Amino acid sequence: MYPSNRWNCGYLSCQKNSQKTLQRVKELNAQQLIIDISGVPFVDTAVVNHLFKIVKGIKLLGCSTILTRISPEIADTMIELGIEIDNELKTRSDLQQALQDIRPFFNGNK
């Protein structure tokens with residue numbers, strides 16, 4: 001996970017404990033968080049539900065999330081669960097696209 005704001009960008013390792021992730025987002029006053037899920041080897045409804053609970057928590061802290069590299073299996077599970085992608089979450093096919101999305105935050109344009 002990669003939090004960012006205009007003044008600070010750092011790497012957050014993917015953490016099993018969502019509380020730690022939320023605390024780190026708050027500490028950094030992050031405005032954008034990229035979650036790359038290409039390394040997720042297995043996904044079930046519990047994993048997808050947990051991921052979206054974290055995204056909602058991040059949103060409550062004033063930070064938006066970009067989810068990258070969603071596999072067909074994860075997309076299928078999201079469809080099965082009826083999870084809709086709306087303003088809570090942006091999706092991009094790869095990390096490079098997500099980094100381009102947050103570039104304006106580093107240039108002071110947002």
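Reply: Let's start with a word you'll need throughout: contact means heavy atoms within 4.5 Å. Helices (H or I, at least four residues) and strands (E, at least two) are DSSP runs, numbered from the N terminus. Keep in mind that this is a predicted model, where local features need pLDDT of at least 70 and side-chain atom pairs count only at pLDDT 80 or more, while totals for chains, interfaces and linings use all residues. Residues are numbered from 1 along each chain as its sequence is written, and side-chain values use heavy atoms, with hydrogens and water left out.

My pick is the meeting of helix 1 and helix 2. On the helix 1 side you'll find S18, T21, L22 and V25, and they meet H50, I54, G57 and I58 of helix 2. Sorted by class, this contact has four nonpolar, four polar and no charged residues. (Nonpolar covers Ala, Val, Leu, Ile, Met, Phe, Trp, Tyr, Cys and Pro; charged covers Asp, Glu, Lys and Arg; the others, Gly among them, are polar.)

How do the two helices lie? Helix 1 spans residues 18-28 and helix 2 spans residues 45-60; their axes come within 10 Å and cross at roughly 25 degrees. Because of that angle, helix 1 counts as roughly parallel to helix 2. Axes here are lines fitted to C-alpha atoms, for helices over the stretch in contact, and angles run from 0 to 180 degrees between N-to-C directions. Under 35 degrees is roughly parallel, over 145 roughly antiparallel, 65 to 115 roughly perpendicular, and the rest oblique.

Now follow the chain out of helix 1. N29 sits in the loop that leads from helix 1 to strand 2 (32-36), and N29 has a positive phi of about 50 degrees although it isn't a glycine. Strand 2 is mostly covered, with four of its five residues buried. (Buried means under 20% relative accessible area, exposed over 50%, partly exposed in between, with a 1.4 Å probe and protein chains only.)

Strand 2 pairs with strand 3 in the parallel sense over five bridges; a pair needs at least two bridges found by DSSP. Q32, for one, stands opposite S64 of strand 3. T68 is also in strand 3, and its relative accessibility of 0% makes T68 buried. Leaving out residues up to four places away in sequence, T68 touches I34, I35, D36, I37, S38, R92, D94, L95 and A98.

Next comes R69, in the loop between strand 3 (64-68) and helix 3 (72-81). R69 has a positive phi too, near 55 degrees, again without being a glycine, and at 39% relative accessibility R69 counts as partly exposed. Helix 3 holds I74, which is buried at 5% relative accessibility. I74 touches I37 and V43, again skipping residues up to four places away in sequence.

Stepping back, the protein chain has four helices and four strands, running β-α-β-α-β-α-β-α from the N terminus on. Of its 110 residues, 32% count as buried. Among contacts between residues at least 6 apart in sequence, 76% join residues at least 24 apart.
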